[in-house]
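This report describes selected contacts and charges in one structure. The sequence and the model come first, and the text follows.

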Amino acid sequence: MHKENIKITTEYIKLDQLLKFAGIAESGADAKDMIYDETVSVGGEICTMRGKKIRPGDVVTVEFDDEVCEITVE
């Protein structure tokens, strides 16, 4: 499992933007596909909302290419 901490300077970041910012998704279309394919969870629950507001303290987990990446937002 790959773990990463992402620091944001705003109140929140949208889920699809976070995936791009963290370098997990190459484009918005890639992020959308990951989310709609139910490979992304927020706080342990599958999330299919691209615009979900992710705030400091939230943990996002992504499963792709037989890997798991956990992102903690600070």
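The side chains of which two residues, R50 and one other, meet in a salt bridge at 3.6 Å, N to O? The partner of R50 is D16. A salt bridge here is a side-chain nitrogen of Lys or Arg within 4 Å of a carboxyl oxygen of Asp or Glu. R50 sits in the loop between strand 4 (45–46) and strand 5, while D16 belongs to helix 1, 34 residues apart.

This is a predicted model, in which local features need pLDDT of at least 70, side-chain atom pairs count only at pLDDT 80 or more, and totals for chains, interfaces and linings use all residues. Residues are numbered from 1 along each chain as its sequence is written, and side-chain values use heavy atoms, with hydrogens and water left out.

Helices (H or I, at least four residues) and strands (E, at least two) are DSSP runs, numbered from the N terminus. Helix 1 covers residues 15–21. D16 counts as buried because its relative accessibility is 14%; buried means under 20% relative accessible area, exposed over 50%, and partly exposed in between (1.4 Å probe, protein chains only). R50, at 33%, is partly exposed. Leaving aside neighbours within four places in sequence, D16 is in contact (heavy atoms within 4.5 Å) with A31, I35 and R50.

The whole structure holds three salt bridges, listed below.

| Pair | N to O distance |
|---|---|
| K3 and E70 | 3.9 Å |
| E11 and R55 | 3.0 Å |
| R50 and D16 | 3.6 Å |

K3 in strand 1 and E70 in strand 7 (residues 67–73) are 67 residues apart. K3 is exposed, at 58% relative accessible area. E11 is also exposed, at 58%, whereas R55 is partly exposed, at 33%.

I8 lies in the loop between strand 1 (2–6) and strand 2 (13–14). With a relative accessibility of 12%, I8 counts as buried. Not counting residues up to four places away in sequence, I8 touches I13, I54, P56, V73 and E74. The C-alpha atoms of I8 and E26 are separated by 19 Å, with the two residues 18 apart along the chain.

E26 is part of a surface patch of negative charge, together with D30, D33, D37 and E38. Such patches are made of residues with over 30% relative accessible area and no salt bridge, with like charges joined within 9 Å. E38 is found in the loop between helix 2 (28–36) and strand 3 (40–42). Although not a glycine, E38 has a positive phi of about 60°.

Conventions: Patches are made of residues with over 30% relative accessible area and no salt bridge: like charges are joined within 9 Å, nonpolar side chains (Val, Leu, Ile, Met, Phe, Trp, Tyr) within 5 Å. Accessible areas come from the Shrake-Rupley method with a 1.4 Å probe; for residues, only the protein chains shown count as cover. Lys and Arg count as positive and Asp and Glu as negative; His and the chain ends are not counted. The place of a charge is taken as NZ of Lys, CZ of Arg, CG of Asp or CD of Glu.
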